[in-house]
Amino acid sequence: MRREASVSAACVVALAAMTAAAQEPPRPDPGFAPLDARDLDAAALAVDRRALIAQALAGGAYEQAQAMLVEEAKRNPRSPELLRLLGGVRFMQREYFGAAIAFKKAEVLAPLDERSRFTLAMSYVVLGRRDWARPELQKLSQTAPRNALYRYWSARLDYDDGQYAAAVSGLLQAIALDPRFVKGHDNLGLSYEALGRQDEAIRSYQEAVRLNREATSRSPWPPLNLGLLLARLDRLPEAEPLFREAVRIDPRFAQGHYRLGVALEKKGQADEAVKELEEAARLDPSYPEPYYALARLYRRGGSVERADRALERFLALKKEKGQAGGPR
């Protein structure tokens with residue numbers, strides 16, 4: 001009886017997650033560069049040592065570069081240039097807390113440049129410390145009021161904090177500064193959707209999709225988010241092509257395959273749905289929802305053992321993640 005209750009609760013969570021809005025995980029834009037070779041030029045290093053560090057950085061050997069920078073920082077602990085470089089290298093290695101420490105030590109010695117402060121803010125964002133990131137982004141907006149990226153990230157923090165009206169305001173400011181800002185339009189759609197302003201959300205998502213199609217580097221998130229809202233509004237024929245667009249842009253996009261699989265299931269195309277859902281599970285084995293959908297389809301097709309294994313996997317992942325809501 002207890003197991004049936006837990007399974008029922010998990011099913012409710014899974015069903016709610018099927019149409020929940022999705023937000024791209026926090027990470028900087030592709031063009032973001034946390035390292036600046038000028039810091040290496042300004043650091044008082046021996047010529048041969050500088051050459052070795054430069055070679056390691058150019059070759060992406062960040063662990064080796066970090067080891068050398070740590071040694072140099074011990075020799076010259078009052079060099080903000082070395083600490084800024086160390087912060088950038090640690091960020092590249094996804095050592096976000098260590099990166100933040102290096103940047104804050106550098107700031108004690110000299111004011112942070114714009115790039116370093118933004119890298120510090122992004123470190124805090126990835127660490128989930130929005131309260132630490134906010135003041136850094138505010139300083140950046142004051143320093144560079146025409147930079148749409150800083151307005152966008154402040155608004156993104158508002159969205160994450162459930163301050164959707166403030167997020168709309170901030171994102172409109174970002175878009176006014178950069179009308180072709182795909183992420184700005186996409187997150188504006190998310191914010192409108194959270195406020196229940198669905199028509200405005202659709203228009204924002206559509207603009208994000210349009211601009212995304214024209215971009216050199218395209219993202220699967222705008223078509224996914226527009227498709228999710230249309231599916232929730234029972235406009236599945238419009239949603240399915242958008243899910244297909246998302247996986248064409250990024251064939252390794254697990255959420256896109258999952259949402260496409262759910263759409264195909266609703267159309268009665270069980271075999272095609274299973275294929276997409278299995279691909280989603282293969283691409284991201286820690287993603288719970290595809291397993292629940294597969295359990296349902298396996299059971300419907302008479303594969304009881306496979307259905308039980310998929311459901312067990314779903315429940316184990318939900319317990320492991322401690323999730324009460326939909327996928328991120």
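So, what share of the chain's contacts with a separation of 6 or more comes from residues 24 or more positions apart? It's 56%, where a contact means heavy atoms within 4.5 Å.

Quick housekeeping. This is a predicted model, where local features need pLDDT of at least 70 and side-chain atom pairs count only at pLDDT 80 or more, while totals for chains, interfaces and linings use all residues. Residues are numbered from 1 along each chain as its sequence is written, and side-chain values use heavy atoms, with hydrogens and water left out.

Okay, the overall picture. The chain has 18 helices and zero strands; helices (H or I, at least four residues) and strands (E, at least two) are DSSP runs, numbered from the N terminus. There are 328 residues, and 51% of them count as buried. Buried means under 20% relative accessible area, exposed means over 50%, and partly exposed is in between, with a 1.4 Å probe and protein chains only. The chain exposes about 15,900 Å², with 51% of that from carbon and sulfur atoms. Those areas come from the Shrake-Rupley method with a 1.4 Å probe, and for residues only the protein chains shown count as cover.

Now some helix packing. Two packed helices are described by the angle between their axes and the distance between the axes. Take H8, residues 130-143, and H9, residues 148-160: their axes come within 9 Å and cross at roughly 155°. The axes are lines fitted to C-alpha atoms, for helices over the stretch in contact, and angles run from 0 to 180 degrees between N-to-C directions. So H8 and H9 are roughly antiparallel. The cut-offs are under 35 degrees for roughly parallel, over 145 for roughly antiparallel, 65 to 115 for roughly perpendicular, and oblique for the rest. On the H8 side, the contact includes Arg-130, Ala-133 and Leu-137, and on the H9 side Tyr-150, Trp-153 and Asp-158 are among the residues. By class, the H8 and H9 contact has six nonpolar, two polar and five charged residues. Nonpolar here is Ala, Val, Leu, Ile, Met, Phe, Trp, Tyr, Cys and Pro; charged is Asp, Glu, Lys and Arg; the others, Gly among them, are polar.

H9 has another partner, H7, residues 114-126: the axes come within 12 Å and cross at roughly 20°. That makes H7 roughly parallel to H9. Glu-114, Phe-118, Met-122 and Val-125 of H7 meet Leu-149, Tyr-150, Trp-153 and Leu-157 of H9. That's seven nonpolar, no polar and one charged.

Next, a few single residues. Skipping neighbours within four places in sequence, Glu-72 contacts Leu-45, Arg-49, Ile-53 and Leu-82.

Leu-283 sits in H16, residues 270-283, and is buried too, at 15%. Leu-283 and Phe-253 are 30 residues apart in sequence, yet 7.6 Å apart in space, C-alpha to C-alpha. Pro-251 and His-257 are also among the contacts of Leu-283.

Last bit: backbone angles. Most residues other than glycine have a negative phi. Arg-94, though, has a positive phi near 65°; you'll find Arg-94 in the loop between H5 and H6, exposed at 67%. Asp-234 has a positive phi as well, about 60°. Asp-234 is in the loop between H13 and H14, and it's exposed at 71%.
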